[in-house]
Amino acid sequence: ATLEADRPKPIQSFVIAQLQLVGTDTEAAALGKKLLDAELTETAAQALLAIGAAEPFRTALPKANPMRS
């Protein structure tokens with residue numbers, strides 16, 4: 001619910017970092033959406049790969065902007 005809500009980026013980043021430690025496939029869809037957010041891409045990718053949910057990562061990868069600043 002916290003990732004779906006309109007929360008400040010630092011809060012979302014903190015939650016994603018915590019999910020990297022204790023997350024499951026249940027959170028994978030919400031994390032996958034955050035891959036397309038330039039400020040949360042790296043944290044979301046790390047969390048998805050750490051919990052073994054590579055499919056949302058693969059799905060979002062072609063949509064990601066390789067020239068993000």
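## Starting at Arg-58

Let's begin with Arg-58, which is exposed, at a relative accessible area of 53%. (Exposed means over 50% relative accessible area, buried under 20%, and partly exposed in between, using a 1.4 Å probe and protein chains only.) Arg-58 makes a salt bridge with Glu-55, with their closest N and O atoms 3.2 Å apart. A salt bridge here is a side-chain nitrogen of Lys or Arg within 4 Å of a carboxyl oxygen of Asp or Glu. Arg-58 and Glu-55 are three residues apart in helix α4, so about one helical turn separates them. Helices are DSSP runs (H or I, at least four residues), numbered from the N terminus.

## What you're looking at

This is a predicted model, where local features need pLDDT of at least 70, side-chain atom pairs count only at pLDDT 80 or more, and totals for chains, interfaces and linings use all residues. Residues are numbered from 1 along each chain as its sequence is written, and side-chain values use heavy atoms, with hydrogens and water left out.

The predictor's confidence in each residue, pLDDT, runs from 0 to 100. The protein averages 85, and 90% of the residues score at least 70. Confidence is highest in α1, at a mean of 94, and lowest in α4, at 80.

## The other salt bridge

By this rule, the model has two salt bridges. The other one joins the side chains of Lys-9 and Asp-37, 2.1 Å from N to O. This pair ties together distant parts of the chain: Lys-9 sits in helix α1 and Asp-37 in the loop between α2 and α3, 28 residues apart. Lys-9 is partly exposed, with a relative accessible area of 28%, whereas Asp-37 counts as buried at 18% relative accessibility.

## Helix α1 and its two sides

Helix α1 covers residues 9-22, so 14 residues, and spans 20 Å from its first C-alpha to its last. That is close to the 20 Å expected at 1.5 Å a residue, where the expected span is 1.5 Å times one less than the number of residues.

Which residues of α1 are buried? They are Gln-12, Ile-16 and Leu-19. Seen down the axis of α1, they fall within an arc of 55°, so they line one face of the helix; the arc is taken from the directions from the helix axis to the C-beta atoms. The face turned away from that buried side carries the exposed residues Pro-10, Phe-14, Leu-21 and Val-22. The buried residues of α1 pack against α2 (28-34) and α3 (41-50).

In α3, the buried residues are Thr-41, Thr-43, Ala-44, Ala-45, Ala-47 and Leu-48, and what covers them includes α1, α2 and α4 (54-60). Thr-43 has a relative accessible area of 17%. Leaving aside neighbours within four places in sequence, Thr-43 is in contact (heavy atoms within 4.5 Å) with Ser-13, Ile-16 and Ala-17. Just after α3, Gly-52 takes a positive phi of about 80°.

The largest nonpolar core has 15 residues, and those with the most contacts inside it are Leu-3, Ile-16, Leu-31, Leu-35, Leu-48 and Ala-53. Helices α1, α2 and α3 each supply at least two of its residues, and α3 gives the most, with four. A nonpolar core is a set of buried Ala, Val, Leu, Ile, Met, Phe, Trp, Tyr and Cys residues joined through side-chain atoms within 4.5 Å. Beyond residues up to four places away in sequence, Leu-48 touches several others, including Ala-28, Leu-31, Leu-35 and Phe-57.
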